[in-house]
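This briefing treats a ligand site, a pocket and some backbone features in turn. Please keep the sequence and the model in view while reading.

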Amino acid sequence: MNNGYKTAIGMMSGTSADGIDACLVKIYDDLKFEFIAGHALDYPEEIREKLLNIANNNGKTEDICYMDFAVGKLFAKCANELIEKTGISQSGVDFIASHGQTVFHHPTPVNCAGISTGSTLQIGNISVIAENTGVTTVGNFRTRDIAAGGQGAPLVPFADELIFGRKIPRCIQNIGGIANVTVLSPECKTFAFDTGPGNMLIDYCMKKYFDIPYDKDGRIACSGVIDEDWLEMLLKEPYYALNPPKTTGRELFNDLYAERILQNAPLNKCDIIATISALSAKTIFDAYNRFVLPKTGIKEIVIGGGGAYNKFLTGLLKKYFGHIPVKTHADFNINDKFKEAISFALLGYCTINKIPNNLPICTGAAKRVAMGEIAY
Ligand SMILES: Nc1ncnc2c1ncn2[C@@H]1O[C@H](COP(=O)(O)OP(=O)(O)O)[C@@H](O)[C@H]1O
Ligand SMILES: [Mg+2]
């Protein structure tokens, strides 16, 4: 069906492994879109634990293999619930585009049995999604970019450029498990990189000290005091000073990392949460000063992802950036929670239409490619 637009479902689950975000969007031939509805499915506790276990390199081959199917079924469930919620039929959806759940990402080539290669793995099998929804499903975006010599990340800047354009110099700051920025400006080519941890270390500490998965609205952080000495120590992590392009993830900021830094933590549990949250805000601020402002001035910052709801974190960003306004995607009528899911719907539209959808300037790929694989 083509009335000048396609109806699509975009689905995303990021490094937080908190759950699946799905959105229903209309995508027009000129790549403009209209958000219709969103739906989220939290991972059941046992699934999340298993995923984090695998992501921390503690999974057996059979765990990864079964989880590929189990997570595929959950993605399908999430899509079906969204379809039901909106009252359209399966046949009214032209395609699903699913990022899947990353369990391993090492794009830099290593010697593997005498063959030099990078690698990435997103689970949540697209055949399982297609079969359980009855809708053609696109997925496995990152592999093609790595095959073309890229980092397979970041992929969202392609959508950021489509959504915001480059006329006004802006930073689009996603605060997921990891925090990443896209710099859009007429003064330079679009570039993007991971600034460091977003919610990942906060979530780990919330689970450890409060036995709850995250710091809702940043309330616990707000009740603590930043330990400036510990913060200074944490800022010495070499990743922050590396020049972009750079990406990071659970490969660095994992449980072991958290335990190592917590050896020097203050005694008060709320102060730990305040300081570890300040680390996310401060590394964003430092990264802009080091790597963005020398290339372009910025008129505004647009934050998104789950971290946009953390008032302690956003309050600090507003304080650090002073006169530069810190907005949210909601200020542009884009749902903060579903922005990344929307981005993958746009990427999937390109896959289906064979339109190149990587930005080599951001991923380091040797050429533009149409990323994504299709299960009909
Ligand atoms: N209301 C909220 N207050 C504070 N933090 C939140 C809130 N909602 C979500 N988050 C944080 O955002 C994280 C999920 O963000 P998300 O953008 O989905 O990240 P990812 O892409 O890594 O999955 C949660 O793990 C939590 O830390
Ligand atoms: Mg998430």
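**Ligand site, pocket and backbone**

In this predicted model, a polar side-chain atom of Ser-16 is placed 2.8 Å from an oxygen atom of ligand 1. A polar contact here is a pair of N or O atoms within 3.5 Å; within protein, one must be able to donate a hydrogen and the other to accept it, and residues adjacent in sequence count only if both atoms are side-chain atoms.

**Ligand 1**

- Asp-203 has a polar side-chain atom 2.6 Å from an oxygen atom of ligand 1, and for Asn-199 the corresponding distance to an oxygen atom of the ligand is 3.2 Å.
- The protein buries 89% of the 570 Å² that ligand 1 exposes when taken alone (accessible areas by the Shrake-Rupley method with a 1.4 Å probe).
- Around the ligand there are 18 residues, of which Ser-16, Gly-177, Asp-203, Asp-217 and Gly-306 come nearest; a residue is near if one of its heavy atoms lies within 4 Å.
- This shell comprises 2 nonpolar, 10 polar and 6 charged residues, where Ala, Val, Leu, Ile, Met, Phe, Trp, Tyr, Cys and Pro count as nonpolar, Asp, Glu, Lys and Arg as charged, and the others, Gly among them, as polar.
- Domain 1 (5-153 + 338-375) and domain 2 (158-332) each contribute at least three residues to the shell; the bounds come from an automatic or database domain assignment.

**Second largest pocket**

- The second largest pocket holds about 320 Å³ of space, and among its 17 lining residues Arg-48, Leu-52, Tyr-204, Lys-207 and Asp-255 are the closest to its centre.
- A pocket is an open set of points on a 1 Å grid over the protein atoms alone, where a 1.4 Å probe fits, with protein on both sides within 12 Å along at least five of seven lines; lining residues have an atom within 4 Å of a point. Grid points are joined across faces, edges and corners, and the volume is the space filled by probe spheres set on them.
- At least two lining residues come from each of helix H1 (45-55), helix H6 (200-210) and helix H9 (255-262); helices are DSSP runs (H or I) of at least four residues and strands (E) of at least two, numbered from the N terminus.
- Because domain 1 and domain 2 both give residues to the lining, this pocket lies between them.

**Backbone**

- The peptide bond from Ala-153 to Pro-154 is cis, with omega near -10°.
- Pro-244 and Pro-245 are also joined by a cis peptide bond, with omega about 5°.

**Conventions**

Residues are numbered from 1 along each chain as its sequence is written, and chains are lettered from A and ligands numbered from 1 in the order in which they are written. Local features need pLDDT of at least 70 and side-chain atom pairs count only at pLDDT 80 or more, while totals for chains, interfaces and linings use all residues; side-chain values use heavy atoms, with hydrogens and water left out.
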